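Dear colleague,

I am passing on a structure for you to look over, and my notes on the ligand site and on one part of the fold follow below.

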Amino acid sequence: MENKNYLVSGGSSGIGLSIAARLIERGSQVISLSRSEEKIGRAKQERPEIADKVDFITGDISKPGDVEKIVTYVEEKYGVLHGLVNNAGVLTKGTIETISLEDWQFTLDVNLTGPYILTKALLPFLRKAEGASVVNISSVAGLKPGTSVAYSVSKAGLDMLTRFLAGDLGPYDIRVNSVNPGLVRTHIHLDNRVIEDREAYKAMLEKARPRYPLGKIGMPEDISSAVTFLLSDEAKWITGSILTVDGGVMVENDLIPPKNTHKS
Ligand SMILES: NC(=O)c1ccc[n+]([C@@H]2O[C@H](COP(=O)([O-])OP(=O)(O)OC[C@H]3O[C@@H](n4cnc5c(N)ncnc54)[C@H](OP(=O)(O)O)[C@@H]3O)[C@@H](O)[C@H]2O)c1
């Protein structure tokens, strides 16, 4: 992966920042695309060792005008992309009765339409690489109802986009896979205000933990290791797969209580 170019959307926080750091460790060039300068500043404080190495740029993946500017930037500075990680995502609360149309639309725009816009726009650069890889960061909520109706539906749609694009882009030797995390400690719940404060966040993690057979909530590094594998040539015959990386929460069974009670 040395000297290869990767674009990671949402590389300024949580899982995306961990993916960016792993790629930098492997000698890759990483472009991170996210909206706010504030989170880029926070990322540089959290990971000073990669602060000057990641090419942090700003833009909104759900806005075609922003993505057009990114295309020009990638064309002029990089010319070719060996991989794309559609990681940027938002969380919104609500059931069918409580979610507003605005929140529904916003969630689908960022989590589903964003990856469609970005992948389509960057396709010419991915086609130039030999054996490019696209990884979509979905969720276990795309596989079974969870978190909120809009979020679950957006991630289920993203999983189908993964499968569809794997078929469409295989002839160009571009692989497309999905990584579906369980609950991971990041800024997503607090930044998107779906949980009011740190105490409530801690309580939510503690409440969720017994549902994880491995007895632990995930860390960003648990996800980024799977993502770098799928980006690498080690995974060169893997496409169209939906890989859960979830501490076993998808196989949790009420009748078999978790045996492991390690804290994370
Ligand atoms: N944490 C979990 O428990 C969990 C579980 C399953 C799946 N996931 C998925 O994993 C991915 C990463 O989540 P995370 O937990 O690492 O979240 P996070 O810490 O909130 O990071 C999200 C990143 O996405 C960026 N972003 C959000 N909207 C964007 C937009 N419209 N355009 C460009 N960038 C945007 C954010 O920066 P700006 O706000 O500055 O744009 C930030 O860099 C998401 O797709 C999420 O759904 C997370």
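A backbone N or O atom of arginine 35 lies 2.7 Å from an oxygen atom of the ligand, a polar contact being a pair of N or O atoms within 3.5 Å. Please keep in mind that this is a predicted model, in which local features need pLDDT of at least 70 and side-chain atom pairs count only at pLDDT 80 or more, while totals for chains, interfaces and linings use all residues. Residues are numbered from 1 along each chain as its sequence is written, and side-chain values use heavy atoms, with hydrogens and water left out.

Serine 13 places a polar side-chain atom 2.6 Å from a ligand oxygen atom, and for glycine 10 a backbone N or O atom is found 3.3 Å from an oxygen atom of the ligand. Of the ligand's own accessible area of 880 Å² (Shrake-Rupley method, 1.4 Å probe), the protein covers 98%. Among the 30 residues around the ligand (a heavy atom within 4 Å), those that come nearest are Ser12, Ser13, Lys39, Tyr151 and Thr186.

As for the fold, strand β2 (residues 29–34) pairs with strand β3 (residues 55–58) in the parallel sense over 4 bridges, where pairing requires at least two DSSP bridges, and helices (H or I, at least four residues) and strands (E, at least two) are DSSP runs numbered from the N terminus. Between β2 and β3 the chain passes through helix α2 (residues 37–46) in a right-handed β-α-β crossover, that is, one running clockwise from the first strand over the helix to the second when the strands point away from the viewer.

Best regards

Key:
Polar contact = N/O pair within 3.5 Å; in protein donor to acceptor, adjacent residues only side chain to side chain.
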